[in-house]
There are 2 protein chains.
Amino acid sequence: MITIKEVARHAGVSISTVSYVLSGKRSISEETKRRVEQSIAALGYHPNAGARALASNRSRVLGLVVPLRSDQNVPVVMQFVSSIVTSARDHDHDVLLLTKEAGPGEAHRVTAGSMADAIIVMDVESADPRVPELRTVDAPVVLLGVPDDHEGLSCVDLDFAAAGRRMVSHLADLGHRSIALIGSPPAVYERGTSYAARLLAGFQQETARRNMPVSVHSCAPGYDSVSACLDTVLHQDRGITGLVVHNEAVLGQLLLELRRRSLDVPRDLSVIALCPDDVAQSLPVPLTSISVPARELGAIAVQMVVTRITQDHAPEVRLLQPRLTERGSTAAR
Amino acid sequence: MITIKEVARHAGVSISTVSYVLSGKRSISEETKRRVEQSIAALGYHPNAGARALASNRSRVLGLVVPLRSDQNVPVVMQFVSSIVTSARDHDHDVLLLTKEAGPGEAHRVTAGSMADAIIVMDVESADPRVPELRTVDAPVVLLGVPDDHEGLSCVDLDFAAAGRRMVSHLADLGHRSIALIGSPPAVYERGTSYAARLLAGFQQETARRNMPVSVHSCAPGYDSVSACLDTVLHQDRGITGLVVHNEAVLGQLLLELRRRSLDVPRDLSVIALCPDDVAQSLPVPLTSISVPARELGAIAVQMVVTRITQDHAPEVRLLQPRLTERGSTAAR
DNA sequence: GCAACGAATCGAAGCGCTTCGATCGTGATT
DNA sequence: AATCACGATCGAAGCGCTTCGATTCGTTGC
């Protein structure tokens with residue numbers, strides 16, 4: 001193993017000088033810096049992470065709590081993870097994988113043992129049982145998702161309420177007067193997933209403000225359940241001309257089912273969804289949608305948490321404003 | 001921060017005694033052990049990972065190279081990751097996330113810097129460009145997937161050739177004489193994904209052995225492409241009575257399309273697939289299938305790599321034998 | 001009764017790094 | 001000419017742990 005000592009000898013300087021070249025915390029002459037860097041390259045030196053962590057009291061590692069249940073939303077989870085790892089590397093940090101299943105205490109274990117300098121928690125729910133414990137973690141914590149009681153914790157998320165309002169406005173501005181929300185599967189609401197509830201709230205708020213009749217439906221995935229749900233929507237409320245869909249898993253089946261009923265999108269029915277852009281694009285009918293900006297959210301979470309490792313910062317909730325992309329699945333009426 | 005020193009004082013013993021209680025590397029009297037353990041619990045002591053790594057020259061971390069492109073197979077990737085993290089924890093290790101995209105050199109960086117003691121690489125392809133570099137990594141490496149040239153490297157995978165043969169036998173034993181393989185999207189073959197090629201080889205080998213006519217089709221995902229593919233299969237080769245499908249993404253659409261054409265499974269056509277069990281179960285027609293045993297593969301990979309951290313072991317290729325589960329989508333003819 | 005032994009424990013020497021003075025020129029300021 | 005400030009560098013003191021002798025003491029064997 002090549003150590004800093006050998007680099008120092010090779011470059012003809014002291015150990016501390018090499019360290020300062022690496023960290024840039026003191027000024028070093030150009031000449032010396034060059035020599036040291038050459039030695040580092042020549043010897044193929046990699047600083048020992050353990051020694052560095054021990055001496056500096058910083059591991060340069062972020063703990064990431066990932067939901068590893070095989071959920072509907074796996075691709076989105078992946079996007080988050082990917083963006084977090086990339087951003088972390090940009091900030092010169094690595095990412096340690098913690099599973100939600102492994103239970104709480106994990107966040108505590110890795111921070112208390114200085115394996116990680118901070119924690120990012122994905123997929124946080126309204127009444128997330130992990131929240132109380134996370135408050136006691138003695139390291140910066142950032143949540144992806146906003147629990148009901150987020151006192152003292154930093155959170156990042158899409159503004160789902162705004163997204164709900166925005167989708168209603170979009171349809172209303174096109175002249176639709178009667179619209180329905182096809183929401184997430186019942187299980188999602190029961191789990192108390194905060195984003196589902198917040199979107200619903202935004203949806204109801206905006207429809208109320210505009211005096212529009214509403215109908216809201218929870219829809220489980222599966223070929224038959226979608227069809228049944230559509231029956232209810234279309235028969236229970238005649239005159240529905242617009243569909244707001246917050247349920248990725250069901251989009252494909254929904255569109256096929258509409259086609260089967262000879263209902264044209266957007267001629268007979270306008271459809272707008274909240275889903276990842278690539279999903280919206282690759283459906284049989286490309287959908288006008290609001291996307292979950294996973295990459296941005298991940299990058300922000302990393303940036304927030306890394307900032308808080310070195311500097312004190314008040315807890316903060318950041319809600320990204322929704323962005324709507326038109327793809328022709330909604331039309332004026 | 002609570003250190004071993006404080007635990008030692010609290011328990012009235014020396015630092016080394018505490019260390020030996022923790023590691024069990026020397027005998028300690030029951031009485032002392034108990035006192036130390038009580039002190040650890042009372043103080044909430046967590047050993048400092050950096051110090052431990054520095055002194056013992058082992059980080060107790062596994063580097064995991066994950067493909068983070070948003071692929072078809074994301075749920076399977078998740079299953080692997082989940083099982084690897086769980087198994088790693090069972091072996092008292094943590095998992096550091098490395099992305100395939102971040103390029104090679106990452107495996108080298110983390111092992112050279114003693115951030116990780118070993119590397120597991122997921123989603124290895126036939127002519128994987130990372131393989132040569134991985135050979136030079138000075139730490140145990142285990143690949144999930146078998147590259148063409150795996151000289152000197154340990155690999156774990158499903159025996160896809162056996163799976164191909166097995167699916168053919170299953171249909172043949174039921175009396176089917178003319179069957180077709182609906183394979184992965186062209187992109188997968190072009191990428192040289194080794195498992196696709198190996199399954200195809202097994203399929204061809206067994207059909208040849210049994211003198212069965214074969215027809216092989218690559219099928220891209222997408223509602224129209226599936227339909228077109230089915231046209232080719234059913235018209236080009238009349239008399240096809242069995243379908244072997246190695247293409248998760250397409251299964252749902254395929255079954256719907258068959259239903260649309262009033263072809264009953266298994267009455268008119270037997271279908272057998274290679275896909276995760278939960279997919280096979282939740283399709284409109286539950287499919288007889290061979291599953292990718294992600295959990296087992298992950299656990300084996302971890303076990304292999306952890307073993308090799310402390311002991312020398314020759315490189316080894318382990319191929320798991322396929323297991324077939326009947327779900328009634330194949331029938332005698 | 002004494003050497004020999006093993007179990008239980010301790011002290012101290014690192015592991016490779018960061019960081020805090022301290023030192024030494026050199027040029028600018030008085 | 002004496003002083004000061006500053007840039008560049010070095011030496012040494014840890015960071016918290018593991019591990020290798022060394023030490024102590026109660027047993028055992030002869």
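Sugar or phosphate accounts for 57% of the atoms of DNA strand D within 4 Å of the protein, and bases account for the rest. Keep in mind that this is a predicted model.

Who lines this DNA strand? There are 28 residues around DNA strand D, and the ones that come nearest are Thr17(A), Thr32(A), Ile4(B), Arg26(B) and Tyr45(B). Sorted by class, the surface near DNA strand D is made of 13 nonpolar, eleven polar and four charged residues.

Now zoom in on some individual contacts, beginning with the phosphates. In chain A, Thr17(A) places a polar side-chain atom 2.3 Å from a phosphate oxygen of DNA strand D. Tyr20(B) brings us to the bases: one of its polar side-chain atoms lies 2.6 Å from a base nitrogen of DNA strand D.

Stepping back to whole elements, those giving two or more residues to the surface near DNA strand D are α2 (15–23) and α4 (49–56) of chain A, along with α2 (15–23) and α4 (49–56) of chain B. Which element gives the largest share of this surface? That is α4(B), with five residues.

Finally, let us look at chain A as a whole. Its domain assignment gives domain 1 (4–47), domain 2 (61–158 + 294–321) and domain 3 (160–292). Between the C-alpha centres of domain 1 of chain A and domain 2 of chain A there are 35 Å.

Note on methods. Residues are numbered from 1 along each chain as its sequence is written. Chains are lettered from A and ligands numbered from 1 in the order in which they are written. This is a predicted model: local features need pLDDT of at least 70, side-chain atom pairs count only at pLDDT 80 or more; totals for chains, interfaces and linings use all residues. Side-chain values use heavy atoms; hydrogens and water are left out. A residue is near a molecule or strand if one of its heavy atoms lies within 4 Å of it. A polar contact is a pair of N or O atoms within 3.5 Å; within protein, one must be able to donate a hydrogen and the other to accept it, and residues adjacent in sequence count only if both atoms are side-chain atoms. Helices (H or I, at least four residues) and strands (E, at least two) are DSSP runs, numbered from the N terminus. Ala, Val, Leu, Ile, Met, Phe, Trp, Tyr, Cys and Pro count as nonpolar, Asp, Glu, Lys and Arg as charged, and the others, Gly among them, as polar. Domain bounds come from an automatic or database domain assignment.
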